[in-house]
Amino acid sequence: IMRKRYGRVTALGALVLALASILSGCPDPNIAMFADAGLEAAVRHELGKPFGLLTRTELLGVTELDAASRNIHSLAGIQNMPNLMWLDLANNNVANLGSLANLANLAYLNLDTNRVTDIGPLAGLFSLNTVILGNNYSSSREGNLVWELGPLVTNAANGGIGPGSLVVLERRTLVDVDTDELVPSVAAQIAQLVQFGVDVALLVE
């Protein structure tokens with residue numbers, strides 16, 4: 001009984017000290033913070049930890065994260081999960097992928113139905129094998145929605161996506177709105193991906 005009581009006091013004391021360090025302006029560097037409540041909720045669900053401070057040490061153990069349909073707008077904080085290999089972010093409101101740029105172990109990424117228009121941060125993720133980017137649309141770009149696929153070509157050229165890899169794209173983000181044909185530069189980039197052995201699927205509305 002005494003050991004249990006001591007354990008509770010110790011845990012409470014650790015929490016108090018951590019909060020005190022934050023309030024004092026000297027936060028514990030091991031504390032992990034997320035800007036988006038939906039993303040944090042997904043992480044807590046994965047860890048089985050609904051309450052209490054999250055630590056970077058705990059996040060190191062997360063290799064898979066199902067964060068689909070959680071109304072996520074920001075991915076800030078996910079950079080503290082370097083061992084993540086499988087990530088489902090479908091059906092959210094993500095536009096900025098910058099926080100993914102250093103997730104070197106990421107192999108599966110589902111961004112279906114978000115607001116992504118810039119895939120630049122994916123250029124250096126050489127472990128990628130499956131990238132799903134269908135149904136991404138930004139209401140601020142109601143004209144020509146043409147994407148730049150250069151980051152995926154760069155990825156493939158540097159030993160990333162290749163034979164056996166799958167990239168799913170939305171056709172409407174790759175066409176000239178006046179002709180409804182693939183923009184020539186985009187068509188050339190898709191051809192390059194295919195030459196690298198990538199299976200490119202174009203979704204049509």
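**Chat notes on a predicted model**

Q: How much of the protein chain counts as buried?
A: Of its 205 residues, 39% count as buried. Keep in mind that this is a predicted model.

Q: And the accessible surface, what does that come to?
A: About 10700 Å² for the protein chain. Carbon and sulfur atoms hold 56% of that area.

Q: How many helices and strands are there?
A: The protein chain has 5 helices and 8 strands.

Q: In what order do the elements run from the N terminus?
A: The order is α-β-α-β-α-β-β-β-β-α-β-α-β.

Q: What share of the contacts joins residues at least 24 apart?
A: 45%, taken among contacts between residues at least 6 apart in sequence.

Q: Which way does strand 6 pair with strand 7?
A: In the parallel sense, over 3 bridges. Strand 6 covers residues 130-132.

Q: Which residue in strand 7 is the bridge partner of T130?
A: That is L166.

Q: How many bridges join strand 7 to strand 8?
A: There are 5, and the two strands run parallel. Strand 8 is residues 199-203.

Q: Which helix goes with strand 7 and strand 8 in the β-α-β unit?
A: Helix 5, residues 184-195. The β-α-β unit is right-handed.

Q: New topic, aromatics. How many aromatic pairs does the count come to?
A: The count comes to 1 aromatic pair. The rings belong to W86 and Y108.

Q: Why is the W86 and Y108 pair stacked?
A: The ring planes are at 5 degrees, and planes under 30 degrees apart count as stacked. The ring centres are 5.1 Å apart.

Q: Where do W86 and Y108 lie?
A: W86 is in strand 4, residues 86-88. Y108 is in strand 5, residues 108-110. The pair therefore ties together parts that are 22 residues apart in sequence.

Terms used. Residues numbered from 1 in each chain as written. Predicted model: local features only at pLDDT ≥ 70, side-chain atom pairs only at ≥ 80, totals over all residues. Heavy atoms only, no water. Helix = DSSP H or I, 4+ residues; strand = E, 2+ residues; numbered from the N terminus. Buried < 20%, exposed > 50% of the residue type's maximum accessible area, 1.4 Å probe, protein only. Contact = heavy atoms within 4.5 Å. Areas by Shrake-Rupley, 256 points an atom, 1.4 Å probe, with all protein chains shown as cover. Phe/Tyr/Trp six-rings, centres within 6.5 Å; stacked < 30°, edge-to-face > 60°. Pairing = 2+ DSSP bridges. Right-handed = clockwise from strand over helix to strand, strands pointing away.
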